Amino acid sequence: MSVNVTSEIGKIDGVIVHTPGSEVENMTPQNAERALYSDILNLSVAGKEYSSFNKILQKFTKVYEVRELLDDILKNEEAKTSLIDSICNNENILDLNEQLVDLSSQELSKAFIEGLPLVNNNLTKYLSGGRYSLEPLHNFFFTRDASMTIRDKVLIAKMSSKVREREAIIMESIFNYHPELSAETVSPVKSKFYNDKITIEGGDVLIPREDILLVGVGARTTSQGVDFIIERVKEKGERRHLVIQELPLKPESFIHLDMVFTFVDKDKCMIYEPVIRNNNNLKTIHIVVDNGKVESITEKKDVIAVLNELGMNLTPVNCGGTSDPWIQEREQWHSGANLFAMAPGKVIGYGRNERTIEELNKHGLEVINSEDVFSGKVLLEDYDKFVVTLPGSELARGGGGCRCMTMPVNRQKVDW
């Protein structure tokens, strides 16, 4: 499959996901904050909800599982050695190298994702009180963050938290070694432009149109991360518009731009109005890069205003409705604005966000319950525009929605 994504809404032809496993339960209330969670999840419930999400995707596109892709590349000795070395060096666990080398590909992929139990074979380990010598990747089912397909290349994230860096290392190896997804990767850490203030995560990077990048700057992506993108664009010598939106640092539900802004259709976007329209000193900046230099940097009213200036003519749909700020706040907290477009006007989101779903319906999207799709009561191909509602009582407590859980590999071009 060729790697190519030039919009947020083009018909999805391939997507990478990770079905959550025991790694999401391998935490306690004491270490949940370290794992970037505000609560601990029930895997049996989250697993059923995720299954519904995955089955809807499979009706629409080719779905790749991280675990299966990782199993595949670890059968390649070069990939296996490279990945073990990268992880051991990054996490300063060189003493585990030999133990990891001896594992089979399936055992190793399990260890990389679910963790490797600590063997108390010396006093330091015994006194540490730790449970793992290789920590579980509690957040990996949010596959959006660790890598981003931008046109025909894959940008590898520089994660803001050390506990998630292995996710990016794994995704880079998958794209470097897997024969079905082989693609050129761009890693800030390996770039001549790198400095230690750069962080970029996929939840903050949206592609409105082939010539536009929309990037959130806040708790997870820094201004230096945007500067790295600018330098890359300058190297290409092409004309690009970068629209930058500052985000509040608190609460944690604002960690990424896609928690307050996602695309629904050619002419519609989902917004959390208090941040996007009433942004309280949060800057929206338009940067034009052309012919190897920054042509202009100007401050704009808001994201929608600048995208409209660029010819997108977007109508905003309000997360949580328009009548009650408390409902808006509650539904944004549960990822109401975090929709995933499978094609123009064909999106999926959590059904628990009832006012958000009502707003989508008012804007012309038919509301379809995922269970009606699975039972055969409803055929998606019978509808031109729709929102499929998924169960999300447990998944939403993990701090993300449907866009967070998808990493597109290929989308068809949009006929604007």
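Biologist: What do the buried residues of α3 pack against?
Modeller: This is a predicted model, by the way. In it, the buried residues of α3 pack against α2, α4 (97–101), α5 (105–114), β4 (132–134) and α7 (165–177).

Biologist: Ok, and which residues in α3 are buried?
Modeller: Ala79, Lys80, Leu83, Ile84, Ile87 and Cys88. Looking down the axis of α3, those buried residues fall within an arc of 145°, so they line one face of the helix.

Biologist: Which exposed residues sit on the face turned away from that?
Modeller: Glu78 and Asn89.

Biologist: What about the ends of α3?
Modeller: Asn76 caps the N-terminal end, with a side-chain oxygen 2.9 Å from the backbone nitrogen of Glu78. Just after the helix, Asn92 has a positive phi of about 55°.

Biologist: How does the span of α3 compare with what it should be?
Modeller: It agrees: 15 residues (77–91) at 1.5 Å a residue should span 21 Å, and the end C-alpha atoms are 21 Å apart.

Biologist: Switching topic: Asp71. Buried or exposed?
Modeller: Asp71 counts as buried because its relative accessibility is 13%, and the cut-off for buried is under 20%. Asp71 lies in helix α2, residues 66–73.

Biologist: What does Asp71 touch, leaving out residues up to four places away in sequence?
Modeller: Ser105, Gln106 and Ser109. With Ser109 there's a side-chain to side-chain polar contact of 2.3 Å.

Biologist: And how far is Asp71 from Lys192?
Modeller: They are 32 Å apart, C-alpha to C-alpha, and 121 residues apart in sequence.

Definitions and conventions. Residues numbered from 1 in each chain as written. Predicted model: local features only at pLDDT ≥ 70, side-chain atom pairs only at ≥ 80, totals over all residues. Heavy atoms only, no water. Helix = DSSP H or I, 4+ residues; strand = E, 2+ residues; numbered from the N terminus. Buried < 20%, exposed > 50% of the residue type's maximum accessible area, 1.4 Å probe, protein only. Contact = heavy atoms within 4.5 Å. Polar contact = N/O pair within 3.5 Å; in protein donor to acceptor, adjacent residues only side chain to side chain. Expected span 1.5 Å × (residues − 1). Arc of directions from axis to C-beta.
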